[in-house]
Amino acid sequence: MDYERKHKEKLPVLAICYDFDKTLSPDDMQAQGYIQSVGYNVRDFWDKSNQLATANDMDTNLAYMYTMMTEAQGNLVFKKEKLEEYGAKVKLFEGVEGWFDRIRDYGKAHGVIVEHYIISSGLKEMIEGTSIAKKGVFEKIYASSFYYNERGLAVWPAQVINYTSKTQFLFRIEKGTLDINDPAVNDYFPPDQMRVPFRNIVYIGDSDTDIPCMKLVNTSGGHSIGVYNPDTNDKTKVLKMIRDNRIRHFAPADYSENGELDQLVKEIIDKTAAYEVLESHYFENLAEAKK
């Protein structure tokens with residue numbers, strides 16, 4: 001089987017990985033139209049979903065997907081196209097629309113290939129319906145998704161991503177084994193053949209569900225950034241995460257040019273460009289020594 005694989009580039013690659021809900025968007029994607037369309041207020045929907053998970057020792061993400069599917073009955077036809085329609089209505093934080101190209105262009109100007117990835121417990125179908133995804137700004141979208149039957153109806157989860165399983169995708173990005181079923185993610189890669197070493201991975205998230213990824217990136221020499229809603233200015237979660245050594249930086253989720261987050265990520269790109277020159281010298285010296 002042919003899998004989608006990427007190989008080490010001549011220039012360093014910086015992979016910026018994003019959670020979605022409350023990281024790029026101020027609210028859960030399901031709460032921005034879908035939940036209301038099936039006759040629920042947001043709190044009641046999540047209460048029902050969480051109670052289902054608790055009563056059945058069920059993964060909370062499987063529970064919300066099941067609840068979405070069953071509550072659609074009699075209200076709407078639960079198809080991929082419909083979920084994409086709801087995704088198109090998802091609100092984004094200030095500056096998100098122009099962020100991805102701007103940061104990629106900054107990287108290019110400084111000798112760094114910048115790639116953007118989504119790693120989310122939300123729905124892939126809804127993310128694919130957003131304006132930013134339709135522009136093709138993401139190298140890969142890793143998110144929960146449904147299996148659809150021959151009539152196009154969602155009948156079963158195809159992929160479920162929770163806070164711990166998110167970490168596997170960091171290893172896929174590191175090695176360039178991007179296909180979700182590619183077993184080569186378990187292969188050994190020499191350090192000088194890692195396409196995106198962890199020191200060149202940035203993870204941006206907002207809450208406890210991001211902690212496994214944040215901790216892994218942080219302890220492996222990468223850059224974990226916590227974001228908070230600039231409208232509420234509630235820093236409770238990010239302050240706890242930096243005290244607990246989950247993140248190295250935090251900033252408001254404002255992606256505008258010259259904003260705090262914009263400047264921080266550009267500084268990371270600058271550091272990557274400089275550091276990778278030294279790393280390439282080291283590997284050249286090491287290769288000569290091993291001859």
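Student: What covers the buried residues of helix H8?

Tutor: Their cover includes strand S1 (13–18), strand S2 (113–123), strand S3 (140–148), strand S5 (201–205) and helix H9 (211–219). Covering here is judged by contact, meaning heavy atoms within 4.5 Å. Helices (H or I, at least four residues) and strands (E, at least two) are DSSP runs, numbered from the N terminus. One caution before we go on: this is a predicted model, where local features need pLDDT of at least 70 and side-chain atom pairs count only at pLDDT 80 or more, while totals for chains, interfaces and linings use all residues. Residues are numbered from 1 along each chain as its sequence is written, and side-chain values use heavy atoms, with hydrogens and water left out.

Student: Okay, and how many residues of H8 are buried?

Tutor: Buried means under 20% relative accessible area, exposed means over 50%, and partly exposed is in between (1.4 Å probe, protein chains only). H8 runs over residues 167–175, and seven of its nine residues are buried, so call this helix mostly covered. The buried ones are Thr167, Phe169, Leu170, Arg172, Ile173, Glu174 and Lys175. Notice that Arg172, Glu174 and Lys175 are on that list too.

Student: Let's zoom out. How many helices and strands does the protein have?

Tutor: Count 11 helices and seven strands. Across its principal axes, the C-alpha trace spans about 70 × 45 × 35 Å. Of the 291 residues, 48% are buried.

Student: What does the radius of gyration say about the overall shape?

Tutor: The radius is taken over C-alpha atoms, and the globule rule is 2.2 Å times the number of residues to the power 0.38. For 291 residues, a compact globule would come out near 19 Å, and this protein has 20 Å, which agrees.

Student: Where does Phe100 sit, and what does it touch?

Tutor: Find helix H5 (residues 96–109); Phe100 is in it. Phe100 is buried because its relative accessibility is 0%. Leaving aside neighbours within four places in sequence, Phe100 is in contact with Tyr18, Leu24, His116, Ile132, Val137 and Phe138. Now try Thr70: Phe100 and Thr70 are 30 residues apart in sequence, yet their C-alpha atoms are 36 Å apart in space.

Student: And Trp156: is that residue buried or exposed?

Tutor: Trp156 counts as exposed, because its relative accessible area is 60%. This residue belongs to strand S4 (residues 154–159). Not counting residues up to four places away in sequence, Trp156 touches Met69, Phe146 and Tyr147. Leu62 is 94 residues away along the chain from Trp156, with 9.8 Å between their C-alpha atoms.

Student: What about Pro252, buried or exposed?

Tutor: Pro252, in strand S7, has 15% relative accessibility and therefore counts as buried. Apart from neighbours within four places in sequence, the contacts of Pro252 are Tyr228, Pro230, Glu260 and Leu261. Pro252 and Thr177 are 75 residues apart in sequence and 32 Å apart in space, C-alpha to C-alpha.

Student: How many disulfides are there?

Tutor: A disulfide is a covalent bond between the sulfur atoms of two cysteines. The rule used here is a pair of cysteine sulfur atoms within 2.5 Å, and the count comes to zero. Take Cys17: the nearest cysteine sulfur is that of Cys213, 7.7 Å away, and Cys17 is in no disulfide. Cys213 is in no disulfide either, with the sulfur of Cys17 as its nearest at 7.7 Å. Cys17 is buried, at 0% relative accessible area, and Cys213 is buried at 0% relative accessibility.

Student: What phi does Asn233 have?

Tutor: Most residues other than glycine have a negative phi. Asn233 is not a glycine, although its phi is positive, about 60°. Look for Asn233 in the loop between strand S6 (223–228) and helix H10 (236–243). Asn233 is partly exposed, with a relative accessible area of 46%.

Student: And where is Asn258?

Tutor: Asn258 sits in the loop between strand S7 (249–252) and helix H11 (260–289). Here too phi is positive, about 70°, although Asn258 is not a glycine. Asn258 is exposed, at 54% relative accessible area.
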